[in-house]
Each structure stands twice: as structure tokens, then as C-alpha cells.
Amino acid sequence: MPLNSARISELLKTRPKTSSHWGVYSAPPRANCSPDLGLAVAKKLAKRAVDRNRLKRMLREQIRKAQPGLDVVVKLRTPIGRETRGRLRSKEKGQLRNQLLDLV
């Protein structure tokens with residue numbers, strides 16, 4: 001059963017683990033449910049659809065590797081590509097990945 005909006009709202013009220021770019025909200029899964037993942041990469045913060053999709057794939061991969069056993073919502077907090085005219089480059093992608101690994 002995927003995360004519904006009520007569960008996402010409930011998780012967003014918890015205290016997040018944060019870095020300069022990410023906010024990670026987590027809580028134990030509800031009874032009789034498997035852990036779920038919610039992703040929030042706003043168009044305002046990552047202008048290009050290619051970059052938003054790349055970030056979401058990266059997030060899913062990192063969370064799957066970590067296997068926290070929790071319901072998790074990951075939210076991008078600051079814009080990407082400030083020095084690269086709004087485009088996600090490999091240097092910044094590596095930095096984002098490292099920050100996420102530290103949080104998970």
C-alpha cells in the first residue's frame with residue numbers, strides 16, 4: 001500500500017534529519033504494512049524534468065540500498081544547479097548523493 005497524503009502529512013510533522021539540500025522524514029511503518037517511500041522534488045527547485053527524474057531514481061536507489069525499514073519521505077529543500085544554469089551536473093549529483101547517504 002503506497003503512502004497516501006494523510007500519512008505523508010503525518011510524516012512531515014515529525015522532526016526531519018536535514019542537510020543543506022535534503023530533508024528526510026521517517027517513522028516506523030504502520031501495523032501490517034510494509035515500509036514505503038515518498039519523494040518530493042519540486043519543479044521550483046529542479047527546473048528540468050530530466051533532473052527531477054534523475055534525482056528521484058537516485059533517491060530510490062539509495063533508500064533501497066540502505067533498507068531502513070521505516071516509512072520515509074525525502075524532500076529536496078534548496079534549488080539545484082545554481083552554478084550550472086539550472087542543470088544537474090555530475091559534481092553536484094555526487095554531493096547530493098553523499099549528503100543523502102549521511103542522512104539515511
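Me: What does the face of α2 turned away from its buried side carry?

Reply: Exposed residues: Arg57, Arg64 and Lys65. "Exposed" means over 50% relative accessible area, "buried" under 20%, and "partly exposed" in between, using a 1.4 Å probe and protein chains only. This is a predicted model, where local features need pLDDT of at least 70, side-chain atom pairs count only at pLDDT 80 or more, and totals for chains, interfaces and linings use all residues. Residues are numbered from 1 along each chain as its sequence is written, and side-chain values use heavy atoms, with hydrogens and water left out.

Me: Which residues of α2 are buried, and how do you know that they line one face?

Reply: They are Asp51, Arg52, Leu55, Met58, Leu59, Gln62 and Ile63. Looking down the axis of α2, these buried residues fall within an arc of 130°, so they line one face of the helix. The arc is taken from the directions from the helix axis to the C-beta atoms.

Me: Why is Arg52 called buried?

Reply: Arg52 sits in helix α2. Its relative accessibility is 13%, so Arg52 counts as buried. The C-alpha atom of Arg52 is also 9.1 Å from that of Leu88, though 36 residues separate them along the chain.

Me: What makes α2 a helix here, and how does its span check out?

Reply: Helices are DSSP runs of H or I with at least four residues, strands are runs of E with at least two, and both are numbered from the N terminus. The expected span is 1.5 Å times one less than the number of residues. For the 18 residues of α2 that should give 26 Å, and its end C-alpha atoms are 26 Å apart, which agrees.

Me: What about α3: how does its span compare, and which residues there are buried?

Reply: The 14 residues of α3 should span 20 Å, and its end C-alpha atoms are 20 Å apart, so that agrees. Glu92, Leu96, Gln99, Leu100 and Leu103 are the buried ones in α3. They cover an arc of only 100° around the axis, which puts them on the same side of α3. The face turned away from that side has the exposed residues Ser90, Lys91 and Asp102.

Me: Where is the confidence lowest, and where is it highest?

Reply: Lowest in α3 (residues 90–103), at a mean pLDDT of 76, and highest in α2, at 86. pLDDT is the predictor's confidence in each residue, from 0 to 100. The chain averages 80, and 94% of the residues score at least 70.
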